[in-house]
Each structure stands twice: as structure tokens, then as C-alpha cells.
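Okay, thanks for coming, everyone.

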Amino acid sequence: MIMSRMKVLLVGAGGETGGSIANGLLDNPSFERGVQIRRCDLRSSEETLVDVLTGMDVVISCVGAAEQQDQITLAKAAKKAGVQRFVPCAFITVAPPGGIMWLRDELPYTIIDVGWWYQLSFPRLESGRADYAMTTANNEIVGDGNTPLALTDLRDIGRYVARIIVDDRTLNKMVLAYNTVLTQNQIFDLLEEISEEKVVRNYIPEETVYTRVLAARQASETYPYDPVKFIPRYIAEYQLSWGIRGDNTPEYAKYLGYVTSKELYPDFKPTELREYLESVLKGTAKGVYQDRTISRAYQRTFPRSESSDSLYTRIFPRNESSDSLYIGR
């Protein structure tokens with residue numbers, strides 16, 4: 001059953017994922033184009049958050065990686081406020097709970113995962129034609145590069161979420177929303193075909209990934225908590241999970257109990273990776289995280305020897321999650 005006049009509170013609407021979801025809700029004709037901005041500190045008391053959330057049907061959290069634990073109070077407040085569906089900030093690649101990825105172990109609520117973004121998947125061209133749309137050179141291939149991974153265009157995430165949050169079949173479920181499945185080698189091959197340029201490939205062996213993970217975990221587990229120290233850990237654990245273990249696939253997601261967007265919404269028309277890469281080469285694509293920087297000093301906290309500009313600056317700390325967007329349906 002679809003509820004009338006549904007009210008959705010989107011926490012962290014100013015970020016990359018939050019912006020995609022906001023656009024997806026506003027572009028979906030099922031939702032009214034009514035928008036209110038609400039400001040609230042996630043570290044406020046539970047009572048304060050209850051006041052903010054009262055009257056909302058759905059709360060979607062898009063906080064940053066460093067703010068995952070702040071969602072605990074938010075979730076408790078949502079329950080007290082009578083919110084009918086809470087969507088915590090997952091929106092990452094498929095990964096099992098229990099020690100593989102720190103980002104996966106913080107909140108035991110219904111989750112929406114989205115695979116690896118197109119916007120972070122393609123490598124740099126020697127000509128520099130794609131530089132304007134890139135966060136880093138991204139020339140590392142994990143392992144032999146033949147591990148399949150689920151991929152999604154960032155812009156499609158919002159379109160998926162707009163369907164998922166009004167679908168009774170997704171209540172108390174884990175959902176994988178994804179566009180396609182490719183290997184890193186296939187992604188590099190596709191860019192070479194479209195661009196007619198040869199791409200430099202830097203293969204990172206499995207043992208190097210495990211060394212990175214161990215070093216990053218040791219460096220991050222300090223007191224007091226320092227979110228910047230977790231940045232290398234996020235990246236190393238991503239490499240381990242989707243690059244070596246092969247967690248980020250629809251098959252493994254189903255094994256873990258997920259339902260997938262392909263099953264739920266066979267009529268959904270996703271953006272093709274080829275289409276996105278063509279827009280990159282035409283100069284019309286939009287990059288991600290381009291308004292955020294990480295100090296070179298922080299980048300050096302992670303031991304590395306293969307590349308001076310690789311995966312390590314993909315994930316950026318976010319500070320704007322107190323900006324929430326309310327959308328009415």
C-alpha cells in the first residue's frame with residue numbers, strides 16, 4: 001500500500017548521495033515538489049531530535065562515514081517520533097557484517113546498498129581529457145582485475161530510493177540497487193575503446209591489499225577518535241571487499257539475504273556506463289567530491305609504494321550532515 005501525503009526527511013541532503021536522492025524524490029511524480037530545509041545537530045539530545053522528526057513518515061540518512069554512530073540516537077528518536085521507515089546511511093558496496101568493513105558494522109537496520117559508483121570507477125587518460133571529472137587518477141587495478149563488481153551511476157541512486165521507500169516489499173529488508181556488473185579490466189577496456197587511448201594499468205597484488213588493511217586498521221584504532229585516520233581504512237577495506245573477496249555482486253548479495261533492484265523493478269531504465277563515459281569524454285559530466293580536499297600529510301599516514309595518486313583520496317570526510325531536506329509526498 002502506498003501512503004498518501006508521505007513526508008520524507010532526508011538527512012545530509014548537501015552531500016553527493018544525499019543530492020542524488022533529493023533529485024530522485026523531486027523528479028519522481030509520486031512526490032509533491034514541496035521542500036523545507038531543517039537544521040539540526042545530530043549530536044543533539046534524543047528529545048530534540050524527536051521534535052524535529054515528529055510528523056515524518058520516512059527518514060533517510062546520508063551522513064558521512066565519520067558520523068555513522070550519530071545515527072544511533074537518530075534511529076531511536078525516529079522510533080519515538082512514530083517514523084514508519086528508517087533508512088540508515090549505507091549506500092556502499094555489498095559486504096557481509098562482522099569484521100570485513102567497518103562501515104558495515106555500525107547499525108543493524110534495514111539497508112540500501114548501491115554498488116560502486118560509475119563516477120569513481122574509471123581511470124585517468126594520459127591526454128587528461130577526463131581529469132575535470134575525476135577525484136584521483138584511479139589507475140590501480142586490484143588483484144588481477146577480473147573480480148566482478150556491481151556498479152551504479154550516482155545520479156540513479158535517488159531514482160532507486162524514490163521507489164524503494166514506498167515499496168512494502170522492502171520493509172525490513174536489505175536492498176541492492178545497481179545498474180550493471182563489470183570487472184575493472186572491462187571498465188578499463190571500455191574506456192580505451194571509447195576514447196581510443198591506451199590506459200596505464202597498475203595491478204595491486206592481493207598481499208599488498210591485506211598489508212594495507214592491517215596497517216590502516218591499526219592506525220585508525222586510536223583514542224581519541226579521529227575520523228581522518230579512518231579514510232585509508234575505508235579505502236583499503238573497499239579494495240579487500242570488492243576487489244579481492246568479490247563481495248560486491250548480486251549473487252553474494254542474495255546469499256546474504258538481499259533483494260535486488262533487478263528483481264523489484266524490472267522496468268527501471270538505468271544509465272549505461274558507456275553513456276556516462278561518453279559524457280565524460282564530451283566534457284559534460286559532473287565530478288564528485290570536487291569541493292573537498294585532504295591534506296597530503298593525511299594521505300601519507302597510509303603506507304604506499306605503487307602510486308602517488310590512487311584510491312586513497314576517494315572518500316572524504318563530510319561536515320554538512322546537519323542540513324536536512326524535508327520532502328512531502
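When I say strand or helix, I'm using DSSP runs numbered from the N terminus, with at least two residues (E) for a strand and at least four (H or I) for a helix. A quick word on the source: this is a predicted model, where local features need pLDDT of at least 70 and side-chain atom pairs count only at pLDDT 80 or more, while totals for chains, interfaces and linings use all residues. Residues are numbered from 1 along each chain as its sequence is written, and side-chain values use heavy atoms, with hydrogens and water left out.

Back to the strands. S8 and S10 pair in the antiparallel sense over three bridges; two strands count as paired if DSSP finds at least two bridges between them. The S6 and S8 pairing is parallel, over two bridges, with S8 covering residues 149-152. So what order do the three strands take in the sheet? They run S6-S8-S10, in an open sheet with mixed pairing. S6 (116-117) and S10 (180-182) are at the edges with a single partner strand each, so one side of each has no neighbour in the sheet.

What about the faces of S8? Both are covered: Leu149 and Leu151 on one side, Ala150 and Thr152 on the other, are all buried. Buried here means under 20% relative accessible area, exposed means over 50%, and partly exposed is in between, using a 1.4 Å probe and protein chains only. In a regular strand, the side chains alternate between the two faces of the sheet.

There's another pairing to look at. Strand S1, residues 7-11, has four of its five residues buried. S1 pairs with S3 (residues 58-61) in the parallel sense, over four bridges, and Val8 has Val58 of S3 as its bridge partner.

Now helix H4. Eight of its 11 residues are buried, so the rest of the structure largely encloses H4. Among the buried ones are Leu154, Tyr160 and Ile164. Ile164 counts as buried because its relative accessibility is 3%. Which residues does Ile164 touch, leaving out those up to four places away in sequence? They are Arg85, Ile112, Thr170, Val175, Ala177 and Tyr265, where contact means heavy atoms within 4.5 Å. Val175 is 11 residues from Ile164 along the chain, and their C-alpha atoms are 8.4 Å apart.

On to the nonpolar core, meaning a set of buried Ala, Val, Leu, Ile, Met, Phe, Trp, Tyr and Cys residues joined through side-chain atoms within 4.5 Å. The largest one has 84 residues, and Ile21, Leu53, Ile60, Phe91 and Ile165 touch the most other members. H4 (residues 154-164) gives the largest share of this core, six residues. There's also a second, separate core of eight residues, including Val94 and Tyr178. Going back to Phe91, its contacts beyond four places in sequence include Ile21, Ile60, Ile157 and Val161. In soluble globular proteins, nonpolar side chains tend to be buried together.

That's my tour, so over to you for questions.
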